[in-house]
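Subject: Structure handover

Hello,

Please find the structure below. My notes on it follow.

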Amino acid sequence: MEVEEVFYPKEVLFKTSTGTILSKESKLYGAQFINAAGSCIVKKGAILRGDLAQIKLGNFCIIDENVVIHPPFAKSKSGLTYYSVSFGNFVWIQENSVISAAQIGSFVSIGKNCVIGRGAILSDCCQILDNTIIPPNTVISPFEIYSGIPGKNCLQILPKPNIIIDSSTHYQSNIYIDYVLIQIQIENNYSNLNLNSIHFTNSSIHNKIPSFYNQEIENNSILNISNPINTQIYFSFRTFSNDSNFIPSDFISKNFIIKKKVDQITYNFTQLSNGLKIILDCKTLNTNIMFLLNYNNSTDLNFKLFENDIFLDQSANLTFYGSHIDMIDSDIVELQIKVRIKVYTPTSSNPSGFYQEKLLLNFSTKIENSLIRYSFNKEMNQSIPFDPDNPPLIECVNGIMTNYSVFVQGFKGDPNPESEQICCNSSEVVEFFYVILPTLSPLFTVPDQKKYSGIAVISLYSAVDNSNIFYSLDNSSFEKYQKSIKIENNQLNSIQISIFFYAEKTGYFTTNIYQYSFPN
């Protein structure tokens, strides 16, 4: 209890050999019966009636202004009998109080304007609040606080706080994932809660949490406690009140270990021609990914460390999780994987390219009894089963060049499996591109004679408009036909002459080279 310093002039005070300071304005009756152990203070206006009975003061007692110390008395046939009164050490009696107690222990505080009835006994470490009247012969126990008229014990011990922990992040024992929510509740609506001596331990380092240390928190408050990886936190809670009539409750201690959780393991499937490749990954660094493959007839149920890609060539159950030395394991994931060997990409005996007039399509795969479907739509949403006994025919339309894109895919079994984890056994979609061209037919006219004299005139033409016709007389150097060809008589009589010709046009197959020989 802090008291302001007050300075007095030396001329109004008197100091004894034991260090007791007496005000010259105080009244000490029967001073020879007043014993002060030392270092006491008696202020002005105080009255000590040592003439009635002995008064004994301990060390460091303070008698404030206008205090009256009157030894207790008892009535008898012969009159009034006074008894001595004793004070312990460190007793403070404040202004205008009247004391008739039989005994006052050490470390006692008596407030202002109080009356202590005759014969009362005040034990060590008690307090009398201002304006209190203690009835005669009252016995006050240690650590009690009295107030009122008549004085009654008003001291109450506050109830302990009730700690409610949210279990949603509870992992095991006192370990929580990422954070823990704590709700503080106090009965009887006491409003103030003191968080005291909060600290956390990380390895061997101790430190206080500035955001929570020694704070006052309202009733029904919720604390969100979150900390770095592998953090152990110790909390101590107690209830206190600013009202001096209440004693703080005992501390309630809690300890929590807050750990981060390993991120969920991700997985990726890659379909191969001979099975399935599985890749597992985790965003948390330095995480060990543990996995277990359980086949239908498997007896090995021990988890293994994922180091390389997992390859499956048959159906299995895959279980995996992430583990970290300073973190909580991730959730365990179980997958039922049904593996089917992938069908080889279909091939065609008709490679992509240019074809004349029409083409019968023919496809095949290396997988026996596999199903081939084809479509003229890349999405394969209207695919048609391929029948090798009745192959589809494509041809030019209306005598003009026609383009075809044919998409082909191989299957075996159900091409639309229901399970999301079943690796569909379809092959890749392959595209074949065909151009079907019509055939040109170059024609010619010559005289009907088998032997010619003079000049023979040959005309060439084609049934297809705008065709280009090329001719040669020696089958080596062709030139474009533009007008009738004249052959002189001496040439006809000397040797047998042949004419070679062909026709071409964009979007059509170029014709073969035709030969016509003039007879001798």
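In these notes, two residues are in contact when heavy atoms lie within 4.5 Å. Leaving out neighbours within four places in sequence, Phe-87 has contacts with Ile-55, Lys-56, Leu-57, Gly-58, Cys-61, Ile-69, Ile-93, Ile-99 and Ile-104. Phe-87 is also one of the residues with the most contacts inside the largest nonpolar core, along with Ile-110 and Leu-122.

The average pLDDT is 79, and 80% of the residues score at least 70. Over residues 200-210 the pLDDT is below 50, and this stretch has 22 contacts in the model beyond near neighbours in sequence. Residues 446-452 also stay under 50, with 14 contacts beyond four places in sequence. Where pLDDT is low, the predicted coordinates should not be read in detail.

Some totals for the chain: the secondary structure comes to one helix and 58 strands. Of the 520 residues, 39% count as buried. The chain exposes about 30,100 Å², of which carbon and sulfur atoms supply 48%. Taking contacts between residues at least 6 apart in sequence, 48% join residues at least 24 apart.

On strand pairing, β10 (residues 73-76) and β11 (residues 79-82) are antiparallel and share four bridges. They form a hairpin with two residues between them, and Ala-74 stands opposite Thr-81 of β11.

Further along is an open sheet of five strands, in the order β44-β51-β50-β47-β48, with mixed pairing. Its edge strands, β44 (353-356) and β48 (384-385), each pair on one side only. Within the sheet, β50 (residues 402-411) and β51 (residues 430-437) run antiparallel and are joined by seven bridges; Ser-405 faces Phe-433 of β51.

Beyond four places in sequence, Asn-350 touches Tyr-355, Leu-359, Leu-360, Leu-361, Asn-362, Phe-432 and Tyr-434. Tyr-355, Phe-432 and Tyr-434 also belong to one aromatic cluster, together with Phe-363 and Phe-386.

The count of aromatic pairs comes to 16. One of them, Phe-60 with Phe-90, is stacked, at 5.1 Å centre to centre and 15° between the planes. Phe-60 lies in the loop between β7 and β8 (62-63) and Phe-90 in the loop between β12 and β13, so the pair ties together parts that are 30 residues apart in sequence. Phe-60 is partly exposed at 43% relative accessibility, and Phe-90 is partly exposed at 43%.

Tyr-374 and Phe-376 form an edge-to-face pair, with 6.1 Å between centres and 85° between planes. Tyr-374 is buried, at 8% relative accessible area, whereas Phe-376 is partly exposed, at 44%.

Regards

Notes. Residues are numbered from 1 along each chain as its sequence is written. This is a predicted model: local features need pLDDT of at least 70, side-chain atom pairs count only at pLDDT 80 or more; totals for chains, interfaces and linings use all residues. Side-chain values use heavy atoms; hydrogens and water are left out. Two strands pair if DSSP finds at least two bridges between them. Buried means under 20% relative accessible area, exposed over 50%, partly exposed in between (1.4 Å probe, protein chains only). Accessible areas come from the Shrake-Rupley method with a 1.4 Å probe; for residues, only the protein chains shown count as cover. pLDDT is the predictor's confidence in each residue, from 0 to 100. A nonpolar core is a set of buried Ala, Val, Leu, Ile, Met, Phe, Trp, Tyr and Cys residues joined through side-chain atoms within 4.5 Å. Rings of Phe, Tyr and Trp (its six-membered ring) pair if their centres lie within 6.5 Å; planes under 30 degrees apart count as stacked, over 60 as edge-to-face and the rest as tilted.
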